[in-house]
Amino acid sequence: MATYSLDILIDGTPSADSVYGAGSEADKACDNDTATIWNSANTAWPHWWKYDLGNSKKVIQLTLSSVNQSGGNAGIKNFTFKGSSDDTNWTTIYTGLHANNFDVQTYQFTNTQFYRYYRVDISDSWTTADTCANIKEVEMMTIIPQGGFFPIM
């Protein structure tokens with residue numbers, strides 16, 4: 001049975017394709033405060049949220065929570081989770097459907113590669129009233145290897 005690390009989004013740099021306005025910047029999605037969110041601009045799909053770890057790690061679990069948008073719908077529906085070593089060439093690690101609720105959802109998957117950059121690409125939400133994506137909180141975990149030491153690539 002795998003032993004997962006704590007959230008590894010602690011010392012890196014978050015960014016996003018856009019921001020709705022002041023107070024909804026990319027860092028709000030990983031600040032461990034469920035009262036803040038990243039909210040994209042209300043522009044055409046898709047939207048993305050990205051994290052630069054600063055060094056390479058093998059992420060094998062993603063946790064997302066979204067918030068209520070127009071009409072009581074969650075701001076994430078279909079998404080892909082991608083990794084990159086150079087912030088240019090992206091590999092899809094996981095494709096998912098985030099349920100139309102506001103609960104925290106955890107996704108586990110096989111990832112055999114170490115990446116420095118990880119990105120959540122959001123292709124739509126559960127509402128047709130607007131085109132905003134949002135993330136209340138995102139967490140990424142890796143497996144704690146036997147002996148408890150993390151390899152840094």
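This is a predicted model: local features need pLDDT of at least 70, side-chain atom pairs count only at pLDDT 80 or more; totals for chains, interfaces and linings use all residues.
Residues are numbered from 1 along each chain as its sequence is written, and side-chain values use heavy atoms, with hydrogens and water left out.

**Cysteines.** The structure holds zero disulfides, a disulfide being a pair of cysteine sulfur atoms within 2.5 Å. The cysteine sulfur closest to that of Cys30 belongs to Cys132, and at 19 Å it is too far for a bond. Cys132 is likewise in no disulfide, its nearest cysteine sulfur being that of Cys30. Cys30 counts as buried because its relative accessibility is 13%.

**Ser40.** Cys132 is also one of the contacts of Ser40. Leaving aside neighbours within four places in sequence, Ser40 touches Asp17, Ser18, Val19, Tyr20, His47, Thr131, Cys132 and Ala133; contact means heavy atoms within 4.5 Å. Ser40 sits in the loop between E2 and E3, and its relative accessible area of 0% makes Ser40 buried. From Ser40 to Leu62 there are 22 residues in sequence and 20 Å in space, C-alpha to C-alpha.

**Whole chain.** The protein chain has zero helices and 12 strands. Helices (H or I, at least four residues) and strands (E, at least two) are DSSP runs, numbered from the N terminus. The radius of gyration is 15 Å, close to the 15 Å that the globule rule gives for 153 residues, so the chain is as compact as a globular protein of that length. That radius is taken over C-alpha atoms, and the globule rule is 2.2 Å times the number of residues to the power 0.38. Along its principal axes, the C-alpha trace spans about 50 × 30 × 25 Å.

Of the 153 residues, 45% count as buried. Among contacts with a separation of 6 or more, 74% come from residues 24 or more positions apart. The chain exposes about 7500 Å², and carbon and sulfur atoms supply 50% of that area; accessible areas come from the Shrake-Rupley method with a 1.4 Å probe, and for residues only the protein chains shown count as cover.

The 9 positive and 16 negative charges have mean positions 6 Å apart. Lys and Arg count as positive and Asp and Glu as negative, while His and the chain ends are not counted. Each charge is placed at NZ of Lys, CZ of Arg, CG of Asp or CD of Glu.

**Backbone exceptions.** Most residues other than glycine have a negative phi, and most peptide bonds are trans.

| Residue | Phi | Relative accessibility |
|---|---|---|
| Asn32 | near 60° | 57%, exposed |
| Asp87 | near 65° | 29%, partly exposed |

Asn32 lies in the loop between strand E1 (13-16) and E2, and Asp87 in the loop between strand E7 (78-84) and strand E8 (91-97). A cis peptide bond, with omega about 5°, joins Trp45 and Pro46. Pro46 belongs to the loop between strand E2 (38-39) and strand E3 (47-57), and Ser40 is likewise in the loop between E2 and E3.

Notes: Buried means under 20% relative accessible area, exposed over 50%, partly exposed in between (1.4 Å probe, protein chains only).
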